[in-house]
Structures are given as C-alpha cells and as structure tokens.
Amino acid sequence: MSSSTKNLDPAFQGVGQKIGLEIWRIENFQPIPLPKSDHGKFHSGDSYIVLKTGYGKGGSYSHDIHFWIGKDSTQDEYGTAAIKSVELDASIGGRAIQHREIQTHESDKFLSYFKPCIIPLEGGFASGFKKFEEEEFQDRLYVCRGKRVVRVKQVPFARSSLNHDDVFILDTESKIYQFNGANSNIQERAKALEVVQFLKDKYHEGKKCDVAIVDDGKLVAESDSGEFWVLFGGFAPIGKKVIGDDEISLNTTPPKLYSFEDGELKLEEGLICKEKLENNKCYLLDCGAQLFIWAGKISQLDERKSAIKSAEEFLMKENRPKATQIIQVNQDHEPSSFKSKFESWTAVTSAGAFSAEEGRGIVAALLKQQGLNAKGASKGLNANEEIPPLLEGGGKLEVWRINGSAKTVVSKEEIGKFYSGDCYIILYTYHSNEKKEEYFLSCWIGKDSVQDDQIMATRLANTMWGSLKGRPVHGRIYQGNEPPQFIALFQPMLILKGGISTGYKKFISEKNINDETYTADGIALIQISGTSIHNNKAVQVDPSAESLCSSDCFLLQSGKNSVFLWQGNSSTFEQQQLATKISENLKPGINLKHIKEGTESSSFWSGIGGKQIFSGKKIIQESIRDPHLYFFSQNKGKLEVSEIHNFCQDDLLTEDILILDTNSEVFVWIGHSVDSKEKQKAFEFGQQYIELAESLEGLSKNVPLYKVTEGNEPCFFTTYFSWDHTKAMPQGNSFQKKFALLFSSALNLSEGSEKRKKPTNGAEATQRAAALAALSSAFSPPSDSSKTSSPKTPKSQSSQSQSQSSQRSAAMAALTSVLTGEGKSETSSRGSSPVTTPNTSEKKEIGGSLNPSPKSDDKERDSPAIERNGEEPNGDEKSTFSYEQLKAKSSDPVSGIDLKRREAYLSDTEFETVFGMSKEKFYAQPNWKREMQKKKVDLF
C-alpha cells in the first residue's frame, strides 16, 4: 500500500499484535479505545471500529476490521469511522478485510464476536449515555432470529408484535418468557434460550427470576401460558408476520466488475478474471447481496478512502437495501467469498497447503506458534516433543488388503507393512475414557494403486460402517498424508514399493511396467524420518544418492545378507532406534553395518548407483491456519459453503451436516437428526468441499477426509473445541437439548420444591382449568355439526356474533380473576426456582423425555450464553495452589475447586512457567487452543 505514516491516526500505533478484539468509539471525530469491560456494549447514537486479530497463514496474523454504524449515529461519525478504518488497515500493513456493519443488519462474523448476542443501548457519546442498569425496570419484548448467530431486536410491547413465525422473549422483572411461534425454527428456539440465559445473568443477577416456555397454539390449564397472555391484555389470535426492512432477503446476482477512473465507476466488459485486476487501482465487484472493493497493493491511501464513499453512493443510486454488505479486500489477502466470484483464480499454495511429509501437522504447528521450540518442546516445560491427540492404546487392530472384489486379512506379523500399489481397510476397536467401545475405520490408498481397488476399498468400508450402525469414525487416507493418529497405530509403519494385490499385478502386466515390488533379496533404500510415536514412518525411496538427506536415517538393503544403516549428520537417536527395529522386522538376525554421513564405503555407494551430491537438510515449511467450520447447501448441484465464525461445540446442531477444515484434515460431522439418505452422501459432500478449497485456498486434494457422527466424536476432532462430554447426553432436537443443558438442573430443583410445597387448593385448580377451557372454547371455530345445520338469517348471524363476543369477554374476565387471585395467594409461598414450564404435557415433552445432565455448580456449567470470545474470565478464585496439586493426576490433589478451570488457580508466576505465556495471552486464544494446551500440561 502506498501511504505515509504521518497520515495515519496515532491511536492505531502498535495495534493488531495480539489475538482478540480491540474496539474504538468515534468521539469528536477521533477513535477512542474502549476498555475491555465495555466490549459488546454498543449505543445506537454512536459509530465504532472493531479490530479482530486471529491466526493467519504461514504464522502471520489475520485481521478483520468492522466499522459499526448505530441507527442514530450522525453522518459525520459514520464518515469518520469509514475513513479511520482505512487508516487502521494501513497501520497494520494493508492486510485486513474491512466490513461495513449497519445496526440490525450486522454480518454473522461480526455478531459471532459477541455471543450470544448484542442488544444496542439507546443514547450515545454526544447525547449522554443511559445505562440499562440505572433505569427503572421496564418490561421489554424482543424478537430473536438466527440459527447460528442471534439477531435480537426490541419491539413494541404489544400483542400486534407477536406472530407465528418467530421466537420472542418477554423480559419482566420476576419472570422471563420465551414464546415459540408455531412455525418458528427449532434451531432458532434453541439459540433464543441462550439469550434468555444472557438476560437472566446480566439484568437479573442476584434477583429472583423464573423462566417459562410458552408454545404458540397450546392453550392448556397451566399458569405460565395464562400469565403470559394476561400481560398482553388477554388471549386473542395473533396476526401474520409483517416483513420488515431488517428481514428483506438479499438476492445474489451475477457479478459485475467496475474500475474506479477519476472518481467514476467504469464497467469492465467481458469475463471476470483475476488478470483484469491491476495493482495500482481499486475496483468494485457488485454481487447483489454484497459489494466488494478490491484495492491493489500499490494503490493510493486517498483512493482507498474515496472508494468506500463511492460504494455508498452506488448503493443509493441503485436503491439497494441497507442490509447490502460492503467489504473491502486487499491484493494477495482476498477471502474465498471474493475469489469464488471469478472465472479463474489460481490459489497460491506455497503458504496455503502442505502434506504430512512436510510438517508435523496443524496441531503441532499451532502449538509451536504458542511458544514451542523446533521439536515442540514448551519454553516453560521440559517436554521432548509435542504429541497431538492420539487414540487410546490397548485396542484391537485389524487390517485387510483389497484383492479384487474381496478383502484379504493381513496377518498379525505383517500389520504395519503397506505397499504403495495396494489399498487397505483398517479397523481399530478401543475403549475411550468413558469406557464406551469406539471404532476407528479407515481406507488407506496407495499412490500407485489402481482405481478399481480404490473404489472397492471405499465400498467395503462403507458396508462395515453400516454394519456397525454408523458409529465408527470413517476416514479416507492417502499415502503421504497419513495423520498422527493413524501412524501411531503401527509400531512402526513401513511403506514399500510395488504391490501384491491381483489388481496391481494385472495393471503393470497390461501396461508393461517394470515390477518394483519390494523383495527380501533385492536392492532397497528405506528412509526413516520419524522421531516419535505419531510420526515414526519409514518409506522405501528410489535407491539413489539423491534420495539421501542429512536430517534422516536410511536403511540400504543391497543384497540378501547386506544391510547398511546410514546416519545423517542431523539425524536423531530416535530415528536410529527405529531404523534398527525396521531392519529386524525385514531381516531378522541380520548384522547391521552402521555408517555415519561422510564415512561411506565404496560398497555402500555401489549399492545406490554411485556417489553423488545430495541435500544437506530437509526444508520444512509448516503452514499455520486457524481451523474453519462450515455449513453448506446444494444449488443446482453446486456446493455452496458458509462459514460459522468463532465456532464452538454448541454450533454442532443435531439437524445439520457440517464440515470442519483444519488444513491438515477435513471432517464431515453428521447430526443424529439428519436424513438417512443425506448421511450416505457425507463423503460426496466432503469431496466437493475439498475440490472447492483446493482451487480457492490451495488445500491438498489428498487431505485426509473423515465422516464423524454425533456422539462418536474422536479426540482428534474434539481437540478443536472446548469439548464438554455432558453436552452429548441429552436427546431430542436442538431446542430440547439446549433446554436440558441450560435449565434441567434448575428444573429438577423446581420440581423438588414443588413436591415439598403445600398442595395446591383444589378449588383454585378447578377454577383455573374451567376458565382456560371456556377461553379456548370461546376462540375455537364452530364445530363441524354446525356447518350442516340450516342456513342462518342475517339477524341470527348478528345475534350469534354478539353472543360469541359476550362469551369471549366473560371467559377472559374469569381467567384474569382466577390468575390474579392465584398470584396474590402464591406471592409469599413461591420459592426461588429459576425455571418453570408452561404445562404438564410440555414438562414431559421437554424435560421428562430427556436425560438431564447431572447437577453441577454454576461455575462448572460453562454456559455458552454468557461466554465472550477472546476475553479472560473475571474469575472469583481468590486462592492459589501449586502446579503439582492442581494436576489431574496429582498425588496430592486439591479439593473444592472448579475442575474445568484448574489453570485459573495457578499464581501468575507459575502460570507463565507452566504455559510459557501470561494469563492474558492464554485467555485471548480460542477455546480449542486453550483446551489443547491444558491437556498437554495435565490441567484438563
């Protein structure tokens, strides 16, 4: 970017250098930093700038800049926020993606920073702030929309605001009601429960506040439903939904590319391709629902500022909805959503993709960035090497080789030996920490295997997966991309040239290809590069000096009775031990001839075709990138993916199929409630995603692909989440699961107190039931029998109408009288139970049919509803304990602490010693990274 530092605001000096959020409010045309305690508080009279810093590719940071415009913010504040956002981008190197955020039209990414929701406050800097907590409590009605992130909007407290299609929350001083419209989405109902918890914790802390669920269309003899309608002046039918400006669906249109020429937009004719983008210009890409501004790397700062203004004018001229997104991207830092709009966009793979041969995997790489040395050892601990999550040991391992249309059992002695011309099926049965039998099922595809064998391996493995009722983690693994948990099953894993299956032998015979299959008396050079249980793989390579590498060990089999162990100058003792083990496996009892690099004999060189120059050291480039979670849809056979930003375990909804891309592996997660036909297409969806990510992000086409079913998630999947096994206990749909997790223990407490209460007066119950029955009857349509009666005269119709009106009025009056009387009599006797359900039948439906999670302390229920991404918990831990006492396997364990947050009880000094970083830096990381590090130091 062409810019001068003197043109940049000093408020942005040194920003973007730590993971998490930084926020500024525009005050008197200047960006003023907000304290962390005010993050998530937005006033409708102000404009804000939000910087989100995360992990990017190649070890660098990634940045997103959002400028948020309150509905009552002035045009000057709006303009200042937009211009200052461009300056902020310039101050961090011109790598950020900039987003315009309009109140009530915020992007999913922006809302994901402030889970479960943001509820903008009235007022602002210029008009003076009015804190919610300082106001006299007023009943408020909110509408909640969104399956992934929740958009909460306050609406008038009136029956006319309700409809059958949305979820509403009525927040009163003593009770919070959630009203589920009859046509509302199950997942929206579940997300609304998080908002209920948020309101309860934020605005009713330390006060008695019940929670009630009211289902649209269920008018039964229970007080919650009746109380709810009385607050609206009595029950009456509600109207149809009226679509507001904030709900207008935006249509994606074929993209049009414009260039900025002297402040004017010029339409670029022809195909939209990457080559049209010149690095000294700015462009506008119009996609209907989104406007992208592309800025060349040497474009002027002033031109970038004016591009935002021109985009605004373009929207006004085209009369586009306010919800239209404006996103500014920079050359060489374009997101997939931008690149996918072009006819061709060649991904840069140097920093975007790597194979398992080139690194230790994304988990180890991420941990390395967090303070680990070249071998993965923490700066604060005496660990030898970082071990990624592996499957439990001691299980049963079975291997089959594909042979024609059948699978042949591989003998126990041969397990671990793979041929590159063959395909294999591997089934590992083991017991997890929960003592439940688990399965890891995978196909291994040799790089020289024939297509028929690959298809047969997939087909037979699918049959096995189905016979085990879909419980196994089912993987497809290509040679050269073996993940750590796969390699660790074989001690050691050895990949040899050629193949012994009938399919491979037939193929090389038909093609007149020389058979290079390993034999015990032939010449073979085997490379050993592994250093630990998860990467101790040996591979047969071409018998040439060019194959040698100083960082590894090699076994040279030059005949029936001659085996050399060549030790590179930079090789490790562990590699030498592994080489000895493999030699014994291939040639039991053979006498190894040890040779160090630089001391080779002529007989050694003759075995590999003569002495030549070889690589001194293998260059490893580890690509580091945050994992991404996606949900997808099919549009005319084409896969369309949308990212779930700042994901957590709660985003795994039982009705969905999701894709988790860690850059080293791809998982297709399948919820319990997914249609069986869709479940069968899991690998097909995963393969379509890999092809898309390969073209846009440079993802390896041979990346390991898994399908994982809900409730059977393995450790190498759950490590990317802050995983809580109790969340898998409840059954049912998303709403039922969420209700059980958030309120089941309180519900049990409520039911227990009700049993201890004095029995309800029988007369009161009878009166209430009769009043509700009369009310229901008054609003019910005429019975079928009335339709067959003789035609009514106008006079009789008028009389009937008056009668119905009188009947309804009488019913409402009776119900109001009964409920008012009950309220007075119950005021003194009500307990402090936080949850009540609307009726007996619903209590059975939501609470009774579920397996409620065990009762736990509030600290232990790490509710997602109040979790703020990237913020350090306040914590109430006043005591500190030693690391030895806090460890999960401590010989002198401490009691009475929150076991899920053991690390919080460390002193600041010992915390830095154990984790190699401060508490602030630790809690600024995503949950999955923190959990991984806690497991490593036994504080999990």
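Trainee: For contacts between residues at least 6 apart in sequence, what share joins residues at least 24 apart?
Mentor: In this predicted model, 69% of the contacts between residues at least 6 apart in sequence join residues that are at least 24 apart.

Trainee: And how many helices and strands does the chain have?
Mentor: The secondary structure comes to 24 helices and 34 strands, and of the 940 residues in the chain, 53% count as buried.

Trainee: Switching to rings, how many aromatic pairs turn up in the whole structure?
Mentor: A search of the whole structure finds 53 aromatic pairs. In one of them, the ring centres of Phe-228 and Trp-229 lie 5.3 Å apart with the planes at 80 degrees, so that pair is edge-to-face.

Trainee: Why does 80 degrees make it edge-to-face?
Mentor: Because planes over 60 degrees apart count as edge-to-face, and the planes of Phe-228 and Trp-229 stand at 80 degrees.

Trainee: Which lysines lie over the face of a Trp?
Mentor: Lys-407 lies over the face of Trp-400 at 5.7 Å from the ring centre, while Lys-707 lies over the face of Trp-465 at 3.6 Å from the ring centre.

Trainee: Where is Trp-465, in a helix or a strand?
Mentor: Trp-465 is in helix α8, as one of its buried residues, along with Asp-453, Met-456, Ala-457, Leu-460, Ala-461 and Met-464. An α-helix has 3.6 residues a turn, so residues three or four places apart point the same way.

Trainee: How far does α8 reach?
Mentor: Helix α8 covers residues 451-467, which is 17 residues, and reaches 25 Å from its first C-alpha to its last, close to the 24 Å expected at 1.5 Å a residue. Just after α8, Lys-469 takes a positive phi of about 60 degrees.

Trainee: Last topic, how many disulfides does the structure hold?
Mentor: The structure holds 0 disulfides.

Note on methods:
Residues are numbered from 1 along each chain as its sequence is written. This is a predicted model: local features need pLDDT of at least 70, side-chain atom pairs count only at pLDDT 80 or more; totals for chains, interfaces and linings use all residues. Side-chain values use heavy atoms; hydrogens and water are left out. Helices (H or I, at least four residues) and strands (E, at least two) are DSSP runs, numbered from the N terminus. Buried means under 20% relative accessible area, exposed over 50%, partly exposed in between (1.4 Å probe, protein chains only). Contact means heavy atoms within 4.5 Å. Rings of Phe, Tyr and Trp (its six-membered ring) pair if their centres lie within 6.5 Å; planes under 30 degrees apart count as stacked, over 60 as edge-to-face and the rest as tilted. A charge sits over a ring if NZ of Lys or CZ of Arg is within 6 Å of the ring centre and within 35 degrees of the ring normal. A disulfide is a pair of cysteine sulfur atoms within 2.5 Å. The expected span of a helix is 1.5 Å times one less than its number of residues.
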